[in-house]
Each structure stands twice: as C-alpha cells, then as structure tokens.
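Hi everyone, thanks for coming.

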Amino acid sequence: MNAGEKRRTPWIVGVSGASGTPYAAAVLRGLIEAGESVDLVVSRAARLTLLDETGISFRDAHWQDDLNRWLAMGADGKPATFDPGTCGEAAGDVRYWAAGDLAAGPSSGSYPARGMLIVPASTACVAGVALGLSKDLLQRAASVTLKERRPLVVSVRETPLNGQTLRHLVTLDDAGANVVPASPAFYAGATHIQDLVDFVAGRVLDAAGVPHTLYRRWKGGLGEARAAES
C-alpha cells in the first residue's frame, strides 16, 4: 500500500435493487465532481434493475467501462452533463467491490471511510441493515458504518410503505442513520426528469455534507424558480 492509498478516505456508495438507478448515478456524479473518493458496491438485485432501467449490464470484470456508460446516461436516456473519463482508472477516485466479497475492505471497521450512502435503498435492504443481517457486502458495510458511528444516509425508494418498513426506518434513525426518501420536490423549478432526479441526489449529498450544485436552493422568495426560467 502506497502513501497515497493510506490517505484515501472514500465514501462508500451502495446501490440496492430498488427502482431508481438514475438517483445512484446522480449521486456518484456529484461525489466525483466534488473531488471525493468513492468505493462502489452494487448488489445482485441492483444489477437486474440497472439492466432493466438502462440496458447496461454491470459486470465485475468490466466495471469501469460499464460505470462510465452508466454515468454518461441521464435519467431520460440522453447524455448526462458529465465527463465519464473522470472516473477512469487513472483518476483513482472510484474503487469497485463485488457485493459477494465479504472479505472486502468496507467489511471491516478498520478500513478508512468517511461514511456510506445507500441509494436507492430497497425495503429488503432497509430491513437487512436494520436487523444487522449482513447478508452481502452492502449490508455488512452499512452495519460497519453504524457501529463505527460514521454517517449513513439511506435513500429509501418505495411506495406505499407498510408498518414493518416504517419500523425498520425508525430503527435506522435511532441507530444514527439519516433517512432521505427519494421524494423529489418542485420548488427548485424542475422542467426535466433529470432535474427531479438531481434534487433527490442533492438532498442525499446534503445529508452527507458534500458540496454540490445539483439543484436550486430555496431562498425565501415565492416564484423565484419560475422567474429564473422565464
């Protein structure tokens, strides 16, 4: 391990199988553009969702190429405003861990990390983390994040929510996690699907304390967003 790696303290980003892979892509773009290091974990179910929503097959042996394609695609299937080359091997700010690798770095509390963002978080993922099941690396990394008292942001994407899931979310909140539902707002003047996606991604990054310019912030003036668009 070289000196540069010793100083590397990434955000762990877990992508579970809930619908909403554009949210994950927007969060990843925001972290990379903020100059943050990222450790990425994509669950087996998330691969199926990603294939269904984008047509991209995420493969362990070709994860960089697949990630670049994913990040270059906006929520509407059109090119995103992002340079995919920034997450290439030379940049060194994105590391991928297979979800089945329970010996991976993020499975241990001694592995340096700033915290973890789960986006989108399925109800199964929420339950697994709340109950401490650690059935895969994503859940294990989340459990480690909680026990080490590091920031954990859980962006649940499901509706309606039943009582069991609500209780699991309360358990996560009690454990110190920040629950950020994937619920876009409209006061920022959204005119495209990507605007709504970026709002949710921006709120996830806000919860993590990562600076970004993904959405127009509320400044106290009614109609400001509409006036800015006119």
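Let's begin with two neighbours in the sheet: E2 and E3 pair in the parallel sense over 5 bridges. Two strands count as paired if DSSP finds at least two bridges between them. The names come from DSSP runs, numbered from the N terminus: helices are H or I runs of at least four residues, and strands are E runs of at least two. Before going further, please remember that this is a predicted model, where local features need pLDDT of at least 70 and side-chain atom pairs count only at pLDDT 80 or more, while totals for chains, interfaces and linings use all residues. Residues are numbered from 1 along each chain as its sequence is written, and side-chain values use heavy atoms, with hydrogens and water left out.

Back to the sheet. Leu40 has Tyr96 in E3 as its bridge partner. In which order do the strands of the open sheet run? There are 6 strands, and the order is E3-E2-E1-E4-E5-E6, with parallel pairing. At the edges sit E3 and strand E6 (178–179), each pairing on one side only.

Within H2 we find Thr21. Is Thr21 buried or exposed? At 1% relative accessibility, Thr21 counts as buried; the cut-offs are under 20% for buried, over 50% for exposed, and partly exposed in between, with a 1.4 Å probe and protein chains only. Leaving out residues up to four places away in sequence, Thr21 touches several residues, including Thr49, Trp70 and Pro120. Thr49 belongs to helix H3 (residues 44–54) and is buried too, at 12% relative accessible area.

Now for helix H8, residues 193–208. With 16 residues at 1.5 Å a residue, H8 should span 22 Å, and its end C-alpha atoms are 23 Å apart, which agrees. The expected span is 1.5 Å times one less than the number of residues. Among the buried residues of H8 are Phe199, Val200 and Leu205. Their cover includes strand E1 (11–15), helix H2 (21–33), strand E4 (115–121) and strand E5 (152–156). Just after H8, Gly209 takes a positive phi of about 75°.

Last topic: charges. How many salt bridges does the structure hold? It holds 7, where a salt bridge is a side-chain nitrogen of Lys or Arg within 4 Å of a carboxyl oxygen of Asp or Glu. One of them joins Glu36 and Arg114, at 2.7 Å from N to O. This pair links distant parts of the chain, 78 residues apart: Glu36 is in the loop between H2 and strand E2 (38–42), and Arg114 in the loop between strand E3 (94–98) and E4. Glu36 is buried at 13% relative accessibility, whereas Arg114 is partly exposed at 34%.

Another salt bridge joins Asp66 and Arg59, at 2.8 Å. Asp66 is buried, with 0% relative accessible area, while Arg59 is partly exposed at 37%. Finally, Arg203, Asp206 and Arg217 are linked in a network of salt bridges.

Definitions and conventions: Contact = heavy atoms within 4.5 Å.
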